[in-house]
Amino acid sequence: MVRVHLKHIHRVKRTVQGRVVEYHSIRGTPRSRFWRTGDSPVGSPEYIAAYQAVVRRPSPANTFDAVINAYLESAEYRDKAQKTREDYLRLIGRIRDKFGSAPVEAFNRPEIRTVALQWRDQFDGRTRDYVWAVLRRIVGWANDRNLIRQHHLRGGGTTYRANRADIIWTTAEISTFCQSAPGWLRRALVAATETGLRPADLVKLTRGQIVATPRGRRLQVRTSKSGGRQIASIPVTAAMAHIVDETPTDRLLILVNGRGQALCEKWLSKAVRKHCRVVGLGDRLRLYDARGTACTRLLRAGAKLDHIALAMGWSKKTAADMLERYARLDPDLTDAILDLLENKSVQ
């Protein structure tokens, strides 16, 4: 299959009468399927023409669908991080299904709030809050530009509460995971527990982000959470140095999958959870939870509290509080970490 670089193509495979059929549509756009197995080859002029016909299909100017399209063309949307834009597109697809054909005038009436909240409440967990936040943001953007006269979706709060502050990977759990994990997956978990980087930043790590300093090597990473505005300076610990040094010199990325290909943040996180179940660690641990373990590793490696805070996106006071919390969760770290904390005052 020839790959073409067209934006937001969503590929889905279905089994139809015992045969696997692949469909292509445009992510975030309802009723946008433009190709299926058996049509003209992917990348052919006919394929591209079918794609463009859907992209250029106009929405009635008086519908909320037109407002959504205008928002997707705006700088407010385009300036977001790529991962955020992808997440928005998935949620906007649901918003279009419910409100796309509604007249814009409906959003000027107070009743729209009741309808929107009832629709929001049909979702579970984080999705409920995320879909509401995106809908509210689009309406707020349109209200600022007088596309919608009244903003009846202000507030709404959050309904999902998740507190994973007391969950870290203990030394024993890391050992259990690594004993039978494939080499590429073991490297990814160790890198996460040694650097504290979010999965989105881990999968993009390269040798070019490593700099030599008088006190040893450091990772200089523009964090994805900050949209690249903040640079985290992270000491390269002994375990992380081993991962870096055993990476083939002709390979750009430090972490890859078993076939030597670039990792996907979501796919890597799922692989970690799956292996946790395989080795008997259950469903409690996430790759993201390695950040707590990394706090303690970085402190022991000589990182200052303000450097740890920067890497984690915390204040220095929060960093000190979290380090103490994490140290008390892992008996193997308690004494050493608490002694270090006593000797490192928060400036």
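Which side chain meets that of Arg137 in a salt bridge? The partner is Glu76, with an N to O distance of 3.7 Å.

## Basis of the model

This is a predicted model, in which local features need pLDDT of at least 70, side-chain atom pairs count only at pLDDT 80 or more, and totals for chains, interfaces and linings use all residues. Residues are numbered from 1 along each chain as its sequence is written, and side-chain values use heavy atoms, with hydrogens and water left out.

## Salt bridges

A salt bridge is defined here as a side-chain nitrogen of Lys or Arg within 4 Å of a carboxyl oxygen of Asp or Glu. By this rule the count is 9 salt bridges. Side chains of opposite charge can pair when their charged atoms come close.

Helices are DSSP runs of H or I with at least four residues, and strands are runs of E with at least two, numbered from the N terminus. Arg137 is partly exposed at 38% relative accessibility, and Glu76 is partly exposed at 29%. On this scale, buried means under 20% relative accessible area, exposed means over 50%, and partly exposed lies in between (1.4 Å probe, protein chains only).

A salt bridge also joins Arg96 and Asp65 (2.3 Å, N to O). Arg96 belongs to helix H4 (residues 82–99) and Asp65 to helix H2 (residues 64–72), so the pair ties together parts that are 31 residues apart in sequence. Both Arg96 and Asp65 are buried. In the bridge between Asp283 and Arg277, the closest N and O atoms are 2.9 Å apart; Asp283 is partly exposed at 44%, as is Arg277 at 45%.

## Buried segments

Helix H12 (residues 290–300) is mostly covered, with 10 of its 11 residues buried. Among them are Arg291, Cys295 and Arg297.

Arg187, in helix H8 (residues 183–195), is buried, with a relative accessible area of 9%. Leaving aside residues up to four places away in sequence, Arg187 touches Ile243, Glu246, Thr247, Arg251, Ile254 and Leu255; contact means heavy atoms within 4.5 Å.

## Strand E3

Arg36 lies in strand E3 (residues 35–36). Arg36 is partly exposed, with a relative accessible area of 32%.
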